Amino acid sequence: IVTPTSDNMDQPWSQDATNIGTWGARNFEGRGVGVLVEWQNKGFHSFGWLSPIHLPQERNIRSSLHGGDIYVHCNDIKEPRLGGIFTFVLYNDRQGFGAQDCEARSVIRFAIPTTSMSSLRLPAGEERPAKSHLRQSLFYPQMEEQGITLRRYLWEDSLQILELWGHPEAIITAADDLNLLQTEVEVLL
């Protein structure tokens with residue numbers, strides 16, 4: 001075990017899922033996805049918590065520590081924005097799960113008349129992975145294969161709100177696949 005010092009604080013962690021990195025942390029292969037649900041702005045010591053939406057290959061890595069949320073330090077996330085969706089490399093150490101190399105996803109929101117929802121081609125599987133923080137949201141994990149987070153709000157209204165999070169090109173492709181571009185819809189940027 002290496003003790004953190006000013007000389008080794010910037011040492012990169014391995015991306016190998018079987019490797020034990022600096023300070024006894026184990027990194028998982030692949031990128032996770034989560035929503036930033038808390039941020040403590042304390043200068044260099046700022047940190048926050050991501051509520052996981054999608055985790056790397058190993059499905060049984062959810063933790064009861066910290067309510068299942070994932071720690072993120074200010075060095076590992078640029079421009080933290082509450083409610084923003086980020087991809088990250090997941091690691092596990094003695095204190096629980098953490099996120100590093102966080103990247104923000106872009107978002108496009110679509111407002112669709114409730115009466116037009118049946119014309120959409122939504123994936124079959126729906127999940128509520130972040131129930132404690134996002135009570136009024138459904139997610140479609142199948143979309144993560146395309147690098148897209150699809151969020152549907154469960155508000156009872158004449159309009160339904162869908163969010164597509166990802167790279168702009170992937171969002172447009174996904175919107176077309178879901179039939180959002182051929183439906184009566186308003187795009188909210």
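Strands are DSSP runs of E of at least two residues and helices are runs of H or I of at least four residues, both numbered from the N terminus. Strand 8 (residues 149-153) and strand 9 (residues 159-166) pair in the antiparallel sense over four bridges, where pairing requires at least two DSSP bridges between two strands. A hairpin of five residues joins strand 8 to strand 9. Strand 8 also pairs with strand 7 (residues 137-139), again in the antiparallel sense, over three bridges. In this pairing, Ser137 stands opposite Tyr153.

Strand 8 is mostly covered, with five of its five residues buried; a residue is termed buried under 20% relative accessible area, exposed over 50% and partly exposed in between, with a 1.4 Å probe and protein chains only. In a regular strand, side chains alternate between the two faces of the sheet. In strand 8, Thr149, Arg151 and Tyr153 point one way, whereas Leu150 and Arg152 point the other way. The loop between strand 8 and strand 9 contains Leu154, which is partly exposed, with a relative accessible area of 28%. Leaving aside neighbours within four places in sequence, Leu154 is in contact (heavy atoms within 4.5 Å) with Arg128, Arg135, Gln136, Ser137 and Leu138. The C-alpha atoms of Leu154 and Leu138 are separated by 7.2 Å, the two residues being 16 residues apart along the chain.

Residues are numbered from 1 along each chain as its sequence is written, and side-chain values use heavy atoms, with hydrogens and water left out. As the model is predicted, local features need pLDDT of at least 70 and side-chain atom pairs count only at pLDDT 80 or more, whereas totals for chains, interfaces and linings use all residues.

Of the 189 residues, 45% count as buried. Among contacts between residues at least 6 apart in sequence, 56% join residues at least 24 apart. The accessible surface of the chain comes to about 10,500 Å², of which 49% belongs to carbon and sulfur atoms; accessible areas come from the Shrake-Rupley method with a 1.4 Å probe, and for residues only the protein chains shown count as cover.

Strand 6 (106-113) has pairings with two further strands. With strand 9, strand 6 pairs in the antiparallel sense over eight bridges, and the bridge partner of Val107 in strand 9 is Trp165. With strand 10 (residues 186-188), strand 6 pairs in the antiparallel sense over three bridges; here Ala111 has Glu186 as its bridge partner.

In helix 1 (residues 168-177), Ile171, Ala174 and Ala175 are buried. These residues cover an arc of only 100° around the axis, which puts them on the same side of helix 1; the arc is that of the directions from the helix axis to the C-beta atoms. The buried residues of helix 1 pack against strand 6 and strand 9. Helix 1 is followed by Asn179, whose phi is positive, near 75°. The loop between helix 1 and strand 10 includes Thr183, which is buried, with a relative accessible area of 9%. Not counting residues up to four places away in sequence, Thr183 touches Ile112, Ser116, Ser119 and Leu120. Thr183 and Met117 are 66 residues apart along the chain, and their C-alpha atoms are separated by 8.8 Å.

The largest nonpolar core has 17 residues, and those with the most contacts inside it are Phe110, Ile112, Met143, Leu150, Leu164 and Leu180. Strand 6, strand 9 and helix 1 each supply at least two residues of this core. A nonpolar core is defined as a set of buried Ala, Val, Leu, Ile, Met, Phe, Trp, Tyr and Cys residues joined through side-chain atoms within 4.5 Å. Leaving aside neighbours within four places in sequence, Leu180 is in contact with Phe110, Ile112, Leu120, Leu162, Leu164, Ala175 and Val185. A second, separate core of 13 residues includes Leu55, Ile70, Val72 and Phe97.
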